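Work through the exercises below with the sequence and the 3D view open. Try each task before you read its solution.

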Amino acid sequence: MFDFDSIPHIKEVSACHGAYKEENIAEKNLTSFDERQQTSKKVLPSLEEAIKRVGLKDGMTISFHHHFRNGDYVINMVMDVIAKMGFKHLTLAASSLTDCHWPLIDHIKNGVIDHIETSGLRGKLGDAVSHGLMDFPVIFRSHGGRAAAIETGELHIDVAFLGAPSCDPYGNANGYNRDSEEGSCCGSLGYAKLDALYADKCIIITDHLVSFPNTPFGIPESQVDYVVKVDNIGDPNGIMSGATRYTKNPKELLIAQYATNAIVASGYFKDNFSMQMGSGGASLAVARYLREKMVEQDIKCRFALGGITGQIVQMHEEGLVKKILDVQSFDLIAANSVKNNRFHQQIDASYYASYVNKGAAVNQLDFVILSALEVDTDFNVNVMTGSDGVIRGAVGGHPDTAAGASMTIVVCPLLRGRIPTICSKVNTICTPGKTVDVVVTDQGIAVNPARPELYERFVAAGLPVTTIEKLRDRAERIAGTPEPIQYTDKIVGVLMYRDNSVIDVIRQVKD
Amino acid sequence: MDIKKTGVAGTMESSDIIVRIEPKETEGIELELESAVMQQYGKQIERVIRETLGELGVTRAYVNAVDKGALDCTVAARTSAAAYRAAESSDYVWKEVRI
């Protein structure tokens with residue numbers, strides 16, 4: 001026996017809730033594990049019920065991830081229910097949005113959604129926003145910038161609605177399913193992980209309820225409030241293409257060859273190097289050519305980061321890439337590799353690219369290969385607005401990896417159709433030229449004057465080096481100088497740099 | 001050059017233009033242009049079509065063009081081929097088309 005108050009310093013002990021009382025002990029559950037999980041209180045019969053239970057209110061911020069890409073059913077499904085329940089003035093903070101999310105247009109018109117934060121917009125929704133659909137401009141953040149905003153609490157998520165290809169009755173969720181080969185699969189849940197961690201309330205939406213424990217998991221049950229089973233979270237064909245195909249486009253192959261030779265000559269191509277590659281045609285071809293160089297010179301890659309493709313997985317399985325850090329799996333081979341390869345690690349958006357946490361993987365990159373819609377003579381890159389000024393892209397990890405990598409290589413054709421890619425001034429700055437080191441086109445390589453040592457190494461290696469101004473002049477000589485796009489004064493989009501400062505704005509296009 | 005019937009040249013492929021030229025009773029070129037790059041290059045494409053027809057001495061014609069981002073040299077070549085076909089002429093003047 002003891003007298004609680006007589007314990008020395010007990011009042012100064014934190015996390016001490018007084019003396020033990022037997023009546024505070026909850027009744028034990030005596031049913032078997034299996035019976036228990038069948039009746040898990042987290043599993044709710046409908047989205048509507050889950051939305052009621054989390055206490056959604058007008059004006060709140062809700063979040064979604066974009067791991068289902070253009071096959072996603074979750075955002076439209078959830079928004080339809082929310083609209084029917086009569087909620088208004090919500091902020092939709094998705095990690096990204098794509099073509100299939102055009103039904104949001106009606107929810108915006110009806111006042112269900114007032115404001116959108118995303119990495120990108122495409123298709124009819126991007127078009128509508130560019131034509132002045134919203135009063136509140138869309139806020140575009142990079143993957144790292146969004147992660148940072150969530151971590152600092154500046155972007156506060158009230159409710160996260162996260163689709164998952166598998167989940168158990170307690171909320172352990174993942175982007176693949178170890179219990180069966182059926183159903184959809186998206187691999188890494190990198191962007192969803194952070195939302196689950198920081199949202200006040202988290203609802204997992206799945207079409208594959210499996211027995212506890214759904215290990216390994218991308219999202220642990222400790223972060224999940226409710227689980228809702230639906231018939232389909234997405235169209236598997238839209239979520240994942242089987243394998244990303246090699247390009248046969250001679251222009252892209254030429255760009256890839258130049259880029260590979262530039263990497264080899266750069267001084268960064270040595271044993272234990274690190275890299276990130278995109279999923280565009282030229283980027284994929286770089287992976288293929290670089291693989292040959294690695295075999296030839298017996299050089300191994302320590303880790304590959306980012307959106308991961310089958311090409312990287314193949315190199316990993318051959319022992320050429322030792323480790324993979326995967327925030328988003330781009331194809332089915334990559335998704336299956338997360339499931340099967342021990343050193344193919346799922347990482348969250350903060351670990352990938354945040355600028356405020358205690359360490360982000362982008363800062364360990366030797367080089368990154370990035371694409372561009374436009375590059376200007378100051379090396380600024382636009383990946384957001386098309387040649388007509390309409391929003392049709394995504395910031396993604398572009399500015400994050402460009403800032404982190406020792407050598408940032410942008411690959412693009414000199415012309416797309418008749419539109420020059422290299423120009424005097426990009427329509428929209430997404431990644432500042434200060435962080436872009438090399439631009440590789442089918443008609444020559446330009447090196448940022450801030451990197452004279454790269455210029456010299458490329459010249460010594462006999463690469464077709466020129467200046468960015470000469471590339472622009474050549475493009476305009478072939479295509480003619482385009483007339484500038486006509487905009488109104490209305491700002492429809494705001495581009496945040498990765499430190500969440502405003503780097504540019506997008507204006508409404510004139511019809 | 002007299003336009004006698006409908007003449008067509010070109011394709012709907014990317015970076016090409018399809019030009020259709022038809023007879024017209026009255027003086028003047030009536031041009032209808034659709035382009036994937038209308039905003040940036042619409043005026044330029046129209047100028048190249050009119051200049052090319054002018055050089056060939058075509059003064060009466062309906063012209064319909066659907067452009068998929070063709071360069072000026074392609075626009076000129078397709079316009080000229082359509083005009084020859086519409087005029088039922090094969091007295092081609094082979095030359096380098098300026099870029």
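**Exercise 1. Find the strand that holds Thr61(A), then decide how exposed this residue is.**

Solution. 
Step 1. This is a predicted model. Thr61(A) sits in strand β2 of chain A.
Step 2. Count the C-beta neighbours of Thr61(A) inside 10 Å: there are 18.
Step 3. A residue is buried at 20 or more and exposed at 12 or fewer. Thr61(A) has 18, so it counts as partly exposed.
Step 4. Look for contacts, leaving aside neighbours within four places in sequence. Thr61(A) touches Thr91(A), Ala93(A), His156(A), Ile157(A) and Asp158(A).
Step 5. Now jump 448 residues along the chain, to Val509(A). The C-alpha atoms of Thr61(A) and Val509(A) are 28 Å apart.

**Exercise 2. Trace the sheet of 10 strands in chain A and name its edge strands.**

Solution. 
Step 1. Follow the order β1-β11-β10-β7-β2-β3-β4-β6-β27-β28 in chain A. The sheet is open, and its pairing is mixed.
Step 2. Check the ends. β1 (43–44) and β28 (502–509) of chain A are the edge strands, and each pairs on one side only.
Step 3. Take a parallel pair. β7 (residues 159–164) and β10 (residues 201–206) of chain A are joined by 6 bridges. Within this pair, Phe161(A) faces Ile203(A) of β10(A).
Step 4. Take an antiparallel pair. β27(A) and β28(A) are also linked, by 6 bridges. Tyr487(A) has Val509(A), in β28(A), as its bridge partner.
Step 5. Inspect the hairpin of β27(A) and β28(A). There are 5 residues between the strands, and Asn500(A) takes a positive phi near 60°.

**Exercise 3. Which strands do helices α3 and α5 of chain A lie across?**

Solution. 
Step 1. Start with α3 (residues 74–84) of chain A. This helix lies across β2 (61–64), β3 (90–94), β7 and β10 of chain A. Its direction makes an angle of about 135° with β7(A).
Step 2. Go on to α5 (residues 123–130) of chain A. This helix lies across β6 (138–140), β27 (487–496) and β28 of chain A. It runs at about 125° to β27(A).

**Exercise 4. Sort the residues of helix α2 of chain A into a buried side and an exposed side.**

Solution. 
Step 1. List the buried residues of α2 (residues 47–54) of chain A: Leu47(A), Ala50(A), Ile51(A) and Val54(A).
Step 2. Look down the axis of α2(A). The buried residues fall within an arc of 100°, so they line one face of the helix.
Step 3. Turn to the face of α2(A) that points away from the buried side. Glu49(A) and Lys52(A) are exposed there.
Step 4. Ask what covers the buried residues of α2(A). The cover includes β1, α3, β7, β10 and β11 (226–229) of chain A.
Step 5. Step just past the end of α2(A). Gly55(A) takes a positive phi of about 75°.

Terms used: Residues are numbered from 1 along each chain as its sequence is written. Chains are lettered from A and ligands numbered from 1 in the order in which they are written. This is a predicted model: local features need pLDDT of at least 70, side-chain atom pairs count only at pLDDT 80 or more; totals for chains, interfaces and linings use all residues. Two strands pair if DSSP finds at least two bridges between them. Helices (H or I, at least four residues) and strands (E, at least two) are DSSP runs, numbered from the N terminus. Two residues are in contact if their C-beta atoms, placed from the backbone, lie within 7 Å. Axes are lines fitted to C-alpha atoms, for helices over the stretch in contact, and angles run from 0 to 180 degrees between N-to-C directions. The arc is that of the directions from the helix axis to the C-beta atoms.
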